[in-house]
Structures are given as structure tokens and as C-alpha cells.
Amino acid sequence: MDRFDRGESEPEEGLSPEYAFALLGNEVRMSILHELAKADGPVRFNELWSRVGIQDSGRFNYHLGELEGHFLRKTDDGYTLLEAGRNVVLAVYSGVLTDYPDRRMEQIDQPCPLCGDRIEVEVTHRGLARFCLSCSGAFGSRIVEGERTIAERGYSGTLPLPPAALGGRTLEEAYRTGQVLLNLRMMHRSCSVCHHCGARLTHEVDICEQHDLEGDGICDACGVMNGPYQISVLSQCTNCTLRMGGDLGYMLYARSPWMAYLLEEGINPVTATAAERPSWSHEVISMDPFEGAFRWHGKDDTLRIAVDDQLEVTDVTRM
Ligand SMILES: [Zn+2]
Ligand SMILES: [Zn+2]
Ligand SMILES: [Zn+2]
């Protein structure tokens, strides 16, 4: 059943989103969830009531009862959060539901993965956008956000960064944090697991036939930098609304030949920034059915991984 079409469903069948959010739309209830999330274990009625700090025990009891069953449960030792309640509190802490980061643009001491010059980052509501003043970046200046076209700078994608990730970090530390979050997302993606909801991802390979394999600048047809980067993959979640486009290489992120190669090169696949990873290129072996290869150009040799139309590895070569 579509999650947005559960009507007035009762808790036994799972909650409709409207019903779930209506249940949460109260200060006392949010405070109850927050107090339980902070506790080390179950909390007894009187203790919880005092921590939430309202006078009227009848009112407190009413709100507690409304949350019971889906967001929290009563045990012999007191009240404790259920997974849904814990997720609500975690979403609030991440800031994604409530916070607007202050937009700002700064140069940081990190190299552009393409030309090596220092990059600039901008804090946006989606994360940390990367720009280069010296080259056209991976996507040029074509990026539009809402009504606004971001200025003429080489855009190289946005690192995911929930508002809370900026707290207590310099922009440079935030950049490294965003890179870790992106790398982990790519590992999920490479295993066909949605990083958001855990459901299965499906993938569609797209080869840009107008790509200028020898040229530089940005391809008019697909919006990605020219050169041997003509294979992209669109991944979509079979449950939630997640859609991610991106380079074929992201699909190989959690495959063992690639991870082994990176480790051998002294690179940590979880923490490495784009500039710290080897450069790469694509190779189309066959258009229909699709067969392609991804090459990483390491210090002394190149790793080539060939995949079929299901993105299963068909060949691994060092050359
Ligand atoms: Zn650059
Ligand atoms: Zn293209
Ligand atoms: Zn999903």
C-alpha cells in the first residue's frame, strides 16, 4: 500500500503519515519522547512526569497514552521508546526538519579534484556545495536551485550535510564530514540499499552518445564534464522518493576489487575526499546490451573493472 494513502488507518495497520504527524504535533508529547531518548533505560511514570515538568498529571497521562503503542511502550520497569519514537527524536536532533543553515561561501584549504586549485564551498540547505574558480568543475555552472542560478563557477556536486553536522566544526572539518557521509551513501548505493529507508534500489545505465571523449569543458547533452565520463547511472528507491544520478564509479564503491585497490594505495575508502582518490575514466565495451568498464589510475598501474547491464562485475584486470 502507498504510505501516503492509508487514510484514517488505526495503529494496528501502521499509521497514516497524517495520523502520525498529528500525534506528534504537541509540545508535551515531543518533550516526553525527548526525555525518554535521553534516559539510560525505562523511566517510571512519576519520574517521567517530573522530567517533562507540567503540573497537571491527568493531561500528562493523556498525552503519554496517545503516544503509547507506536512511539513508546510501557514495560514492568517503566516507559521506553520504540524505534518510531527514537527516529522522531533523531530527526529533530539532525536539524533536517527544523533548521535553515546560514548560507555562506568560503574558500577552504582543500584541492579541486579536477585541477588541484583550492576550492570554495557554500553551505546550503542540501549540504556543502563545492565550486572551483579555476576550472569548470564536474558540472560547470549549470546548477539551478529553485529560481536561482548559482553563479558562474565550476560546480562539482554537493556533499550531504545535515544542519547539525556544522555544529562545532570548521568548514574544512565539515567538508571532510560531508565526504564521509557521501562515501557511505555510495556504499549503500553500490549494494542497492536505499541509505534513507533501507529498501531496494533499482539502477538504470545511461550512456551519453553526444559526449566529447577527447574534449574538456561541460557536455551540452548530459551536463557532465567532457572526456571519458560518458556513463552515468540513475538509481531509484522502490519504496521512498530517493533518486540519485551519478557516475558509474559510484556503483562500484562497495565492491571488493575496488576497496582492495584503494587500501593497497594507502587510501581509506570511507574517509577519502574526491581529490585523494585516484583519477578515473570510463570505457563503453558494448552499447546494447550494455557492457562497460571503469578504470582507476593508481600510482603505478590501472585497475579496470568491467560490468554488464545488471552492473555485475564481469572482469577485473590490473594493467
Ligand atoms: Zn578545478
Ligand atoms: Zn554528455
Ligand atoms: Zn528509500
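This is a predicted model: local features need pLDDT of at least 70, side-chain atom pairs count only at pLDDT 80 or more; totals for chains, interfaces and linings use all residues.
For orientation, the ideal angle for four tetrahedral donors is 109.5 degrees. Distant parts of the chain are linked by the pair Cys194 and Cys240, which are 46 residues apart. Cys194 sits in the loop between helix 6 (171-190) and strand 9, while Cys240 belongs to the loop between strand 10 and strand 11 (243-247). Cys194 is buried, its relative accessible area being 2%, whereas Cys240 is partly exposed, at 22%.

Turning to the other site, the zinc ion (ligand 2) is coordinated by Cys208 (SG), His211 (ND1), Cys219 (SG) and Cys222 (SG), at 2.1 to 2.4 Å. Here the spacing of the donors reads C-x2-H-x7-C-x2-C. The geometry around the zinc ion (ligand 2) is again tetrahedral, because its 4 donor atoms subtend angles of 96 to 115°. Both Cys208 and Cys219 lie in the loop between strand 9 (201-207) and strand 10 (231-237), so this pair ties together parts that are 11 residues apart in sequence. Cys208 is buried, with a relative accessible area of 11%, and Cys219 is buried as well, with a value of 4%.

Technical notes: Residues are numbered from 1 along each chain as its sequence is written. Chains are lettered from A and ligands numbered from 1 in the order in which they are written. Side-chain values use heavy atoms; hydrogens and water are left out. Donors are N, O and S atoms within 2.8 Å of the metal (3.2 Å for Na, K and Ca); water is not among the atoms, so sites may look incomplete. Four donors count as tetrahedral if all angles lie between 85 and 135 degrees; four count as square planar and six as octahedral if opposite donors are over 155 degrees apart and all others between 65 and 115; anything else is irregular. Helices (H or I, at least four residues) and strands (E, at least two) are DSSP runs, numbered from the N terminus. Buried means under 20% relative accessible area, exposed over 50%, partly exposed in between (1.4 Å probe, protein chains only).
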